[in-house]
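The points may be read alongside the sequence and the model.

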Amino acid sequence: MKTALKITGIVIALALLGSVMAYLAGFFEEKIPVDFKGVLPSHGDGAIFTVEVTTEPVIEQAAGTIRAKVETVISPLISATISTISVRAGDDVKRGEVLAELDSRELQARVDQAHQAVVAAKANLSLAERDSERIQRIFRADSGAVSKAELDRVQASLRTARAQLLGARRQEDEAKTALSYSTLAAPISGRVVERYADPGDTTRQGVALLRMYDPATLRLEASVRESVASRLTRGQSLTAKVDALDQAFEAVVDEIVPSADPGSRSFLVKVALEGSSGLYPGMFGRLLIPIGQTHKIYIPSKAVTQVGQLHFVILKMEQGPVRRYVRLGARTGADRVQVISGLASGEKILVPEP
């Protein structure tokens, strides 16, 4: 008895499962008719479109980043307190324009001290020169009046005074050079992109204070796979597209780094951009590289009818219109669609009138 109940339960479960599967498969729904003869248009219903094969270039797209060829980081050569900073991020500056000034009171005192040492050294040299001239004149007039040792001592004092003046001048030059480090000027004409400190902060030697770049030198740096990069040459004209601006730029290959990335097997290609207005470092861009040609067929979108998941066109034949299945590709605009298979060049299709 228990065995019979188990068998009955299994049969009922299988019957329910089969019913569900039949429902999901559309067994209980009305089917689309396969006979299209009744819906074909007449011979003159619509315009005639002749199928043509067009040749288009095959474009390789290499993703990259906008970077400046000329970029510099401005950092002080001395440690001091910042007195003023006259620029902020986004400001355009010219070469030689003062960007920041550091506290230079101690450096100015060193310059003054070195200058006084030069004045003293000049006075000592002047005295030594007069003593040397007097002793030499006496020695030439009466060699017995001045000893040779005294003459040698005076001449040595003269050479020492000259050396001391030279050393004092060198120290003055060093003090003036250190004083010049308190004024930070723009080494290039460009745009300030980062400011890392404010007045009152204490700078340290070699620590970045400002960063700037030349907007005229912006270029796209893209990773190009090795089989495509081998076809590129320096000076070759290409096209670059920046999605954020929805704009294409003329590009010229400026540099091909002669070393491939072992991980991605790609080369870094740098292209200069013509008319780089609106571009900023760090923006995403794509380098468009033609690598060949392909043949495609495009037809008007109105010529395609859809039945379920299938697409058909109506061919204009001598015996009358014939419906043919086609496989479609990408749409190009609102009025054209690519046909991957199903049509050949020279065939005529019917485009229904709206």
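1. In this predicted model, 72% of the contacts in the protein chain with a separation of 6 or more are between residues 24 or more positions apart. The secondary structure consists of four helices and 19 strands.

2. The protein chain has 354 residues, of which 31% are buried. Its accessible surface is about 22300 Å², and carbon and sulfur atoms contribute 53% of that area.

3. Helix α2 covers residues 105–141. Its 37 residues should span 54 Å at 1.5 Å a residue, and its end C-alpha atoms are 54 Å apart, so the two values agree. The buried residues of α2 are Leu107, Val111, Ala114, Val118, Ala121, Leu125, Ala128, Ser132 and Ile135. As background to this list, an α-helix has 3.6 residues a turn, so residues three or four places apart point the same way. The buried residues of α2 pack against α3.

4. Leu179 belongs to helix α3, which comprises residues 148–180. Apart from its neighbours within four places in sequence, Leu179 is in contact with Ser104, Leu107, Gln108 and Val111. Between Leu179 and Arg110 the C-alpha to C-alpha distance is 8.7 Å, although 69 residues separate them in sequence.

5. Four strands form an open sheet in the order β3-β9-β8-β5, with antiparallel pairing. Its edge strands, β3 (71–74) and β5 (92–93), each pair on one side only. Strand β8 (residues 190–195) runs antiparallel to β5 and is joined to it by two bridges. Asp92 stands opposite Arg191 in β8.

6. How many salt bridges does a search of the whole structure find? The search gives 17. One of them joins Arg225 and Glu60, whose closest N and O atoms are 2.8 Å apart. Arg225 is in strand β10 (residues 218–225) and Glu60 is in strand β2 (residues 53–68), so this pair ties together parts that are 165 residues apart in sequence. Arg225 is partly exposed, at 40% relative accessible area, whereas Glu60 counts as buried at 17%.

7. Asp243 and Arg286 also form a salt bridge, with 2.8 Å between the closest N and O atoms. This pair links distant parts of the chain, 43 residues apart: Asp243 lies in the loop between β11 (237–242) and β12 (247–261), and Arg286 lies in strand β14 (residues 284–300). Asp243 is partly exposed, with a relative accessible area of 36%, while Arg286 is buried at 17%.

8. A network of salt bridges links Arg67, Lys69, Arg219, Glu221, Asp254, Glu255 and Lys270.

Notes
Residues numbered from 1 in each chain as written. Predicted model: local features only at pLDDT ≥ 70, side-chain atom pairs only at ≥ 80, totals over all residues. Heavy atoms only, no water. Buried < 20%, exposed > 50% of the residue type's maximum accessible area, 1.4 Å probe, protein only. Contact = heavy atoms within 4.5 Å. Areas by Shrake-Rupley, 256 points an atom, 1.4 Å probe, with all protein chains shown as cover. Expected span 1.5 Å × (residues − 1). Pairing = 2+ DSSP bridges. Salt bridge = Lys/Arg side-chain N within 4 Å of Asp/Glu carboxyl O.
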